[in-house]
Amino acid sequence: MPRLVGVPGQGRPGAQTGRSAPAFPFVATSALEEQLSSVRGLLAITLLMMERRDEREVLHLATTAVSALAPCRAAGVLLSSGEWASGAVIESGTLQRLRRELESCPAEGGPVGLPGEAWAWALPMRARHDLVGHLVVAGSAPPGDDGLVLLRSLAQQTGVAIGNARLHVSKEVANAALARSVAALQHKTAIHDRFTSVALTGGGYQGIARALCELTGLPAGIEDRGGALLAWAAPDDTAPIPAPRPARAWNDLIEQSLRAGRPARGDGRLLAAVRVRHDAVGVLYVIDPDGVAGEDETIALEHGSTVLAIELARLLSVAETELRLGVDVLADLVGGTGVAAAVRRAEALGRDLSRPQRVVIVGVHRSRVDPDVLLHAVRGAMDSMHPPLLMHRGETVVALLEVRSVPIAPASTHWPPDCERRAWVGRLNSGWAESATPRTMWRGR
Amino acid sequence: MTSPVALNLQAGDHLCGFYYGDEERDAMLLPFLREGLLAGDKCLAVLDSTTPEAVITHVTEGLDADALLASGQLELHTSATTYLRDGAFAPDEMIAFWEDQAAAGAGAEHGFARVVGEMSWLERTPTARQNVVRYESWADGFALRFNHAILCLYDVRRLGSGIMLELMRTHPKLLLGGLILENPHHRPASQRATA
């Protein structure tokens, strides 16, 4: 049931006291002075109302002014929404009748019926082109033309003040939304700038993990597809603690992230799988067992995974280029053509062909083997710090190693069966045939 | 907090200040007293919706509060011991209270006094409007006689806006937020008495 709010003697918004406020009837001055003083008083109330940001406060000021402006009282306010916002308790049937009456009420206001009131009048409250509602006043007799003019002015000013308050509220809501958007944009920009800096300065895996850690405040890591840790960063520099992880569950999580195209949660982590070309080749994650990572952390993870994908693609491209250059060098050397160009290309790969080199040819007796498998086996057996130049030649793999390189590991488990390696040692330009001494270095099973 | 209101009251001024809620009250009350303390003026206030302790904390920040209170430069009372000392507002007794205070301080080192009377008690203890009008009218002459600046505070959130309309008719100047509203149609108390 609607309650009276803001009418003299009936309390104020938020503090229903039920006590009677002091009554201040008119002082018996001359009619003109009275009228002029009332107009100035109305101006003062208008100023107060315009400063309010809460429309309930505006209504309180308006309804408590009525009895001081004219010999009547404020019965309440019926807003255009149909709400009986600031008035005495009113029966629902009376309220419905009042709503119907106001639907056909003249634009300048008019009489309405209120139970127990000899006279009641609805005064429209307008804010620019909108009807905000009606101020309903009542008394034992009409207040006279002068009083009604003052009350009509009060209702008009109240409508403007309510419109003003609503405008402020909507402006504040819009400003708050704008502030949130700006903050989100600034955060995204900070993330973007941070990871861009990593990419531009060649921060590599560690740079990416450190940036992600700093942006999220959570431990961050990078693993390859097989789960080997490539980089790690934690706020308190704690060492990574590998969680017991069923391979299948881990793979499912990676697949989930790849399918969704966004980070997935599991294993106490929020992770983003990174795909280069068609293969998942890395995983970037934050440790988040409590699930505190939200939108901001997810955005940071997504940006980080993009930079990681770029880094992985770059590394892959470099490896492929080096491999291709190595093949070209070896082809030139084995074919005996373009030696000078081979030397330059070798230099680009960090190889000094003026130093003694060992040529290793690896082949398979009696059975055929996939050349790529053999190439992979040879590469895997070589010292990773001093990678050889490799090429296919027929069913063999030719490798060129510096003499100081560590020899092929005989215990490698990757060798195909019946694999045999023969090696020649010589110096470029001094003739391979003169100094090379074919030897069988090692024979497989 | 609402921005402080710069009142710039002079000796002999008497303003009725209207505000909406405690925040706006403090914006009027606290700067008025603090400026007075810093200027060496006597500051005398009767409080109702706030406590002397709260006011002392704010207006004496960086000053020696104990010394200000001991010397009488800052003197704070509550409505319970003044306006409502006998349970209801008796204007004659209240007028006597202020007259006594002024007489006692007339020969003191603080020639100029800032006086504040907070009227929020009207919400709890309604009184006849002629008592309030008479009291406020007396204050006009009191300010002039004793070289005081008087600020009467009315919270329209508690009392409604009707009281502002009444006092607009009986006062030449009203303070509304930071704005002073003058009423050229104001009639002095002597004329109202004969009306």
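Residues are numbered from 1 along each chain as its sequence is written, while chains are lettered from A and ligands numbered from 1 in the order in which they are written. Since the model is predicted, local features are subject to a pLDDT of at least 70 and side-chain atom pairs to a pLDDT of 80 or more, whereas totals for chains, interfaces and linings use all residues.

Chain B contains eight helices and seven strands, where helices (H or I, at least four residues) and strands (E, at least two) are DSSP runs numbered from the N terminus. Of its 195 residues, 44% are buried; a residue is termed buried if 20 or more other C-beta atoms lie within 10 Å of its own, exposed if 12 or fewer do, and partly exposed in between, with C-beta atoms placed from the backbone. Two residues are in contact if their C-beta atoms, placed from the backbone, lie within 7 Å, and among the contacts in chain B between residues at least 6 apart in sequence, 75% join residues at least 24 apart.

Chain B has an open sheet of seven strands in the order β3-β2-β4-β5-β1-β6-β7, with mixed pairing; strands are taken to pair if DSSP finds at least two bridges between them. The edges are formed by β3 (74–78) and β7 (179–182) of chain B, each of which pairs on one side only. On average, and with direction ignored, neighbouring strands of this sheet are turned by 20° against each other, the axes being lines fitted to C-alpha atoms, for helices over the stretch in contact, and angles running from 0 to 180 degrees between N-to-C directions. Helix α2 (residues 52–59) of chain B packs on the sheet, where it touches β2 (42–47) and β3 of chain B, and its direction makes about 155° with that of β3(B).

Strand β2(B) is mostly covered, with six of its six residues buried. The burial extends to both faces, with Lys42(B), Leu44(B) and Val46(B) on one side and Cys43(B), Ala45(B) and Leu47(B) on the other. Strand β2(B) pairs in the parallel sense with β4(B) over five bridges, and in the parallel sense with β3(B), also over five bridges. Ala45(B) has Val116(B) as its bridge partner in β4(B) and Leu76(B) as its bridge partner in β3(B). Strand β4 (residues 113–118) of chain B is in turn joined by six bridges to β5 (residues 148–155) of chain B, the two running parallel, and Val115(B) stands opposite Ile150(B) in β5(B).

Two helix pairs were also examined. In chain B, the axes of α4 (residues 91–105) and α5 (residues 129–145) come within 10 Å and cross at roughly 20°, which makes α4(B) roughly parallel to α5(B); angles under 35 degrees count as roughly parallel, over 145 as roughly antiparallel, 65 to 115 as roughly perpendicular and the rest as oblique. In this contact Pro91(B), Met94(B), Ile95(B) and Trp98(B) of α4(B) meet Asn131(B), Arg134(B), Tyr135(B), Trp138(B) and Phe142(B) of α5(B). The residues of the contact of α4(B) with α5(B) divide into seven nonpolar, one polar and one charged, with Ala, Val, Leu, Ile, Met, Phe, Trp, Tyr, Cys and Pro counted as nonpolar, Asp, Glu, Lys and Arg as charged, and the others, Gly among them, as polar.

In chain A, the axes of α1 (residues 31–51) and α2 (residues 55–69) come within 10 Å and cross at roughly 170°, and α1(A) and α2(A) are therefore roughly antiparallel to each other. Ser38(A), Leu42(A), Ile45(A), Leu48(A) and Met49(A) in α1(A) meet Val58(A), Leu61(A), Ala62(A), Ala65(A) and Leu69(A) in α2(A), a contact whose residues divide into nine nonpolar, one polar and no charged.

Most residues other than glycine have a negative phi. Arg128(A), although not a glycine, has a positive phi of about 55°; Arg128(A) is located in the loop between β3 (119–127) and β4 (130–139) of chain A and is exposed, with 9 other C-beta atoms within 10 Å. Asn147(B) likewise has a positive phi, near 60°, and is placed in the loop between α5 and β5 of chain B, where Asn147(B) counts as partly exposed with 14 C-beta neighbours inside 10 Å.
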